[in-house]
Amino acid sequence: MEFLKISKTGTDNKIVVIELNRPEARNAFTTQMAKELLQTFQSISESDTRVVILASTNPKAFCSGADLKERNGMTEQEWKEQHKLFEKMFYTLANLPQPVIATVDGYALAGGFEMVLNCDFIIAANTATFGLPETTRGIMPGCGGTRLLPRRVGIHIAKEWLLTGRMVSAEEADKAGLLNQKTTPGQLMEESYKLGEMLAQNAPLAVQNCKAAIDELFSMDDKEARVSEIKFYNRTVDTEDRFEGVRAFVEKREPVFVGR
């Protein structure tokens with residue numbers, strides 16, 4: 001991969017760490033970088049990976065969004081075709097069955113912030129800065145900003161951030177409820193690994209069905225959601241991991257989950 005560093009860590013190497021690696025451009029994603037991310041997400045989706053950590057090799061920037069230098073001079077059709085690729089990349093990230101932890105330091109702006117919003121958890125250094133400045137450039141977010149941010153921080157705060165396009169500090173983001181955890185730059189990856197291990201040690205089918213159920217049920221009518229919730233629940237009942245979890249509890253030992 002030209003613009004990504006990929007490694008494995010954790011118990012049995014079940015945690016995949018994807019680091020955006022275009023530091024000289026603050027990890028602004030080009031067409032090629034988007035293709036690499038899409039390919040990586042597609043591969044992980046079909047693997048036995050239990051947790052994904054999405055981070056950056058550049059402490060000054062998680063991701064500054066789409067590379068506007070590459071976009072400069074594109075025809076309208078070329079712009080739309082590129083955006084279709086970006087959409088597919090973002091949606092594949094959001095649809096991963098495995099939980100994804102965004103690990104953020106420095107700038108997470110525009111599409112970079114949207115990438116964060118398409119993850120399940122956000123752990124940020126106190127030096128991180130978030131922003132959706134698209135309205136200051138004559139456009140609007142197109143891969144989740146207006147759809148996902150209100151779910152994280154509420155409609156009134158989302159409107160303020162989106163319509164003004166201003167920068168938001170890690171402290172403000174944390175107070176607004178955006179973050180799962182705010183930490184120091186030196187502890188950032190350690191805290192992400194710690195959360196990743198907690199997730200990876202649990203039964204993967206149970207974790208994945210919990211994630212899928214929350215995503216699907218969040219905006220449903222409660223009556224419909226009750227029916228769907230039980231469908232997800234039943235997927236975890238007749239599994240080896242469920243039997244193992246009960247046995248381990250009775251035998252007073254740690255369970256050994258196999259993802260079946």
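Start by selecting Glu81 and Lys84: their side chains meet in a salt bridge, 3.4 Å from N to O. The term means a side-chain nitrogen of Lys or Arg within 4 Å of a carboxyl oxygen of Asp or Glu. A quick word on the ground rules: this is a predicted model, where local features need pLDDT of at least 70 and side-chain atom pairs count only at pLDDT 80 or more, while totals for chains, interfaces and linings use all residues. Residues are numbered from 1 along each chain as its sequence is written, and side-chain values use heavy atoms, leaving out hydrogens and water.

Now show the cartoon. Glu81 and Lys84 sit three residues apart, about one turn, in helix α3 (residues 76–94); helices are DSSP runs of H or I, at least four residues, numbered from the N terminus. Glu81 is partly exposed at 39% relative accessible area (buried is under 20%, exposed over 50%, partly exposed in between, with a 1.4 Å probe and protein chains only).

Next, jump to Lys175 and Glu171, another salt bridge at 3.4 Å, N to O. This pair is four residues apart in helix α7 (residues 170–175), about one helical turn. Lys175 is exposed at 68%, whereas Glu171 is partly exposed at 46%.

Last stop: pick Glu244 and Arg253, whose side chains form a salt bridge of 2.7 Å, N to O. Glu244 is buried at 9%, while Arg253 is partly exposed at 33%.

How values were computed. Helices (H or I, at least four residues) and strands (E, at least two) are DSSP runs, numbered from the N terminus.
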